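Have a look at the model below and turn it around a few times. Then we'll walk through some of its parts together.

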Amino acid sequence: MGQISGSVVKRDHSTKFSGAAIYVGDYMESDILTGKILHSQKAHAKLIEVKVPELPAGYYYVDRRDVPGDNNVNIVKDDMPVFARETVEYIGEAIGMVCGPDESMVEHILSAIEVVYEDLPVVTDVLKSDTAFFDYTITKGDIDKAFKEADKVYEEVFETGFQDQTYLETQGMMAEPQAEGRVFLHGSLQCPYYVLNAVTRALGLPREKVHIAQDATGGGFGGKEDYPSILGCQVGVAAVATGHKVRCIFGRREDLEFTPKKHPSHNTYKVAVKDGRVTAMDVDVIFNGGAYTTLSAVVLQRGIICANGVYDVPNLHIRGRAIKTNTVPSGAYRGFGGPQTFVSVEMVMDHIARDLGIRPLEFKLKHLVKKGDSTSTSGKYHFDVPIVEMVEELDRICDYRKKREMYAKPQTGRYRRGIGLSMCFHGAGFTGSGERDFIKAVVRLKKSADGMVTILISNTDMGQGLRTIMPKIVAKELDLPLTQIIYEYPDTDFVPDSGPTVASRSTMVVGELLCQAAKRLRAEWQDGEEQMIEEHYKHPEFLIPFSLDDFKGDAYPTYSWLVNVIELEIDTYTGRPQVLGAYGCFDVGTPIDYNIVVGQMEGGFLQSIGYASMEYMTADKTGRIRNNSFSDYIIPTAMDVPNLKVILHTVEYPEGPYGAKGAGELPAVGAPGAYMEAVEQALESVDLHHIPFTAEDVLKSLEEAEKK
Amino acid sequence: MSDAIRFTLNGEETLYNGNPADRLLDVLRETYKLTGVKCGCKEGECGACSVLMDGELINSCMVALGRCEGSNIVTIEGFSKTEHFQVIDKAYAAVSAVQCGYCIPGMVLATEALLVKTPHPTEEEIRTGLSGNLCRCTGYNAIVKAVQIAAKEGDGLW
């Protein structure tokens with residue numbers, strides 16, 4: 001690790017630590033109206049009538065009739081309405097909003113509104129829906145030939161559930177009418193320019209009449225990539241209609257039930273094996289997209305590109321569909337489609353290895369991709385694949401191989417142990433040529449006469465540390481103290497569009513642009529002068545062009561890698577799996593700040609363990625999610641995984657700042673494969689097929705084993 | 001008014017004239033503008049609204065004002081003026097234990113409540129002590145480490 005990696009006190013530490021940081025809920029002016037959404041109680045119905053009682057003075061009801069511009073939220077396909085049209089498509093869909101000065105009165109009015117629905121058929125099962133929002137295919141080699149020549153063919157189905165981002169600060173946005181017909185929106189968000197594009201369109205206002213700023217943001221994890229655009233349009237419409245400041249902050253139950261979460265999936269793997277080697281995979285990936293498309297296209301693309309895992313499979317057919325159902329629209333969650341397919345491929349590889357009588361680790365390493373190999377999309381792994389070394393590093397700290405042998409012996413008694421290992425990548429940055437064709441990032445550095453340097457970018461710190469990372473890069477290049485670099489929460493009136501804070505792109509792409517800008521500023525530095533430096537994104541030249549039409553080319557410039565090991569003990573009386581140790585080795589390139597990167601890895605790793613084990617959420621037949629509180633939707637506490645260890649392995653990426661590459665999402669991708677392999681071993685080598693695998697599932701599995 | 005609720009808030013004698021059924025969390029934020037007290041669930045599950053009531057860590061969303069009569073309430077704003085705070089602050093900063101920050105005011109007060117009872121806690125005691133405060137960002141490791149540092153650096157203070 002170089003000098004840049006040494007940790008500093010985070011730039012936002014003090015304001016957050018003392019409680020002084022201002023989140024959107026913390027503005028206390030007396031002229032802010034509270035907005036509360038009238039949510040649909042039906043998963044699919046015609047809206048016949050909304051009977052609003054007579055409103056007291058100062059209270060308002062707004063709905064689609066108040067949308068001055070286009071009643072469609074700009075995300076990708078723009079099919080989600082700001083306020084419901086003639087039908088509602090999921091429980092929770094916004095029909096309208098009640099606004100007023102007193103929150104309890106607003107709630108009282110909401111409860112007095114009567115909505116008359118006419119029921120329409122409700123579809124919650126992806127296998128029963130006849131609408132595919134997106135349908136993609138990846139092909140490579142000749143699978144027909146490979147299946148014909150196979151010694152053995154395996155076919156298994158894997159299912160994964162919802163996972164909610166569960167940022168501690170719920171969704172919240174506020175809109176303020178300003179002089180000359182301008183509208184100002186601010187709140188808890190990841191992507192100011194996404195919100196700007198959506199709000200200008202919904203309000204029918206030109207770009208210069210709207211500006212968006214980020215407040216302190218209490219976590220995102222993907223959950224504040226698309227939803228702030230939707231909520232932003234709603235409070236924006238309300239503010240324009242009422243002429244007042246309007247703020248809407250979700251309650252926890254509202255947030256858990258009605259905001260986008262990870263796509264549940266149903267993945268069928270058909271695998272051909274010849275001479276002890278996987279020769280082909282025919283994979284059918286089905287994601288539950290929910291009621292509107294929102295981000296499903298891009299989540300699905302990433303999901304299917306990962307469907308063969310880190311393995312070199314010469315013949316591939318991968319079909320991926322995002323299916324419409326009458327459940328809450330699924331959206332972005334750290335990992336973005338990868339966690340669903342990675343757990344599936346890791347499990348199928350385990351099961352085949354066991355069937356062939358080979359140790360799963362040995363079997364997986366035999367298939368591991370290496371530098372120069374071709375990817376699922378016939379692109380190339382341009383850089384070193386460090387998985388073999390990472391496995392050895394982890395084995396040294398947790399004795400994986402020894403324990404794996406030990407726990408393979410027959411176990412009796414109440415407590416039984418297992419250990420599992422998974423290996424994954426995360427493609428760094430946007431899929432394909434998104435950076436070049438859509439994002440076109442621009443960054444600026446502004447130097448004032450007194451020598452202070454301000455970073456002007458639209459990227460946001462939602463806890464992951466950008467407010468420290470970016471100034472560190474600029475300070476290093478300019479050889480200035482960190483205190484001389486300013487990086488405020490972005491406001492679109494002042495910052496250029498350096499792209500959204502998603503896809504593990506910020507440090508790698510925007511950080512590199514800032515690095516280039518700082519180099520230029522240093523070269524052109526003039527004491528006592530005001531200076532402005534601007535840099536534009538340049539697509540790396542070594543890339544094989546990617547085409548979305550046939551899914552061919554380099555989907556990502558480079559990859560971050562992980563190896564995870566989970567060791568656990570199952571209580572056969574209660575079913576409870578206790579994680580004894582969670583060990584993660586992560587390669588995200590050069591860490592720009594060691595503590596920050598380790599903090600990202602630890603936090604993401606624990607979320608990923610939660611996804612595998614305890615975070616159970618489902619919609620019932622009526623389309624309602626009942627796990628809508630912290631007593632029903634359980635996320636890990638400080639006691640659940642007491643022994644979680646992270647180590648870093650560094651393969652530098654030459655196009656990232658000091659060798660850094662994508663970091664944020666990687667740790668949230670890998671735990672389920674390791675977790676399930678450990679559970680399977682503790683349960684004496686049963687083949688399991690879904691996550692989360694809860695204590696109840698353990699009991700069911702034990703019961704079934706007894707029956708046999 | 002004689003039937004006002006009398007309590008000490010961050011060291012100041014305070015009279016609350018509102019409804020005794022009002023939620024402490026709402027009153028702290030809206031009446032006294034103590035916005036360091038965060039609302040994460042309003043159901044007593046997440047700990048973001050933790051404050052100290054007579055030295056005990058409580059979820060302010062689960063306490064009615066009437067229950068505060070005669071008590072001593074300390075929020076992050078009051079606690080940040082103490083020597084204990086300085087030690088805990090430095091410890092969290094040293095290991096970058098603050099990410100999104102939303103759980104932090106509650107976490108800081110949970111740290112204080114723990115160290116008052118157990119000045120030299122084991123790791124298990126720390127994890128138990130913080131288990132009523134959810135954090136989604138850190139995986140808790142850095143926070144546990146920070147509490148260990150605070151206990152060591154603040155030796156004798158608690």
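How many residues does the largest nonpolar core have, and which have the most contacts inside it?

## The core

The largest nonpolar core has 281 residues. Those with the most contacts inside it are A:Val199, A:Val235, A:Val237, A:Ala238, A:Val474, A:Leu514 and B:Ile143. A nonpolar core here is a set of buried Ala, Val, Leu, Ile, Met, Phe, Trp, Tyr and Cys residues joined through C-beta atoms within 7 Å. A residue is buried if 20 or more other C-beta atoms lie within 10 Å of its own, exposed if 12 or fewer, and partly exposed in between, with C-beta atoms placed from the backbone. Helix α5 (residues 227–242) of chain A gives the largest share of this core, 10 residues. In soluble globular proteins, nonpolar side chains tend to be buried together.

Before going on, a word on the ground rules: this is a predicted model, where local features need pLDDT of at least 70, side-chain atom pairs count only at pLDDT 80 or more, and totals for chains, interfaces and linings use all residues. Residues are numbered from 1 along each chain as its sequence is written, while chains are lettered from A and ligands numbered from 1 in the order in which they are written.

## Where the chains meet

Chain A puts 43 residues into the contact and chain B puts in 42 residues; two residues are in contact if their C-beta atoms, placed from the backbone, lie within 7 Å. On the side of chain A that touches chain B, α1 (13–17) and α15 (594–613) of chain A each supply at least two residues. The most comes from α15(A), with seven residues. Helices (H or I, at least four residues) and strands (E, at least two) are DSSP runs, numbered from the N terminus.

## Domains of chain A

Chain A is divided into domain 1 (24–121 + 171–249), domain 2 (338–429 + 556–707) and domain 3 (434–536), with bounds from an automatic or database domain assignment. The centres of domain 1 of chain A and domain 3 of chain A, taken over C-alpha atoms, are 32 Å apart. Their contact takes 17 residues from domain 1 of chain A and 13 residues from domain 3 of chain A.

## A buried leucine

A:Leu666 sits in the loop between β23 (644–648) and α16 (671–682) of chain A. Why does A:Leu666 count as buried? Because 31 other C-beta atoms lie within 10 Å of A:Leu666. Leaving aside neighbours within four places in sequence, A:Leu666 is in contact with residues including A:His426, A:Ser504 and A:Phe586.

## Strands side by side

Strand β9 (residues 172–178) of chain A is mostly covered, with five of its seven residues buried. Two strands pair if DSSP finds at least two bridges between them. β9(A) pairs with strand β12 (residues 245–249) of chain A in the antiparallel sense over four bridges, and there A:Met174 stands opposite A:Arg247. Six bridges join β9(A) to strand β10 (residues 182–187) of chain A, again antiparallel. These two, β9(A) and β10(A), form a hairpin with three residues between them, and A:Glu180 in the turn has a positive phi of about 60°.

Chain A also has an open sheet of six strands with mixed pairing, in the order β7-β15-β14-β13-β8-β24. Its edge strands, β7 (132–140) and β24 (690–691) of chain A, each pair on one side only. Strand β8 (residues 152–160) of chain A runs parallel to β24(A), joined by two bridges.
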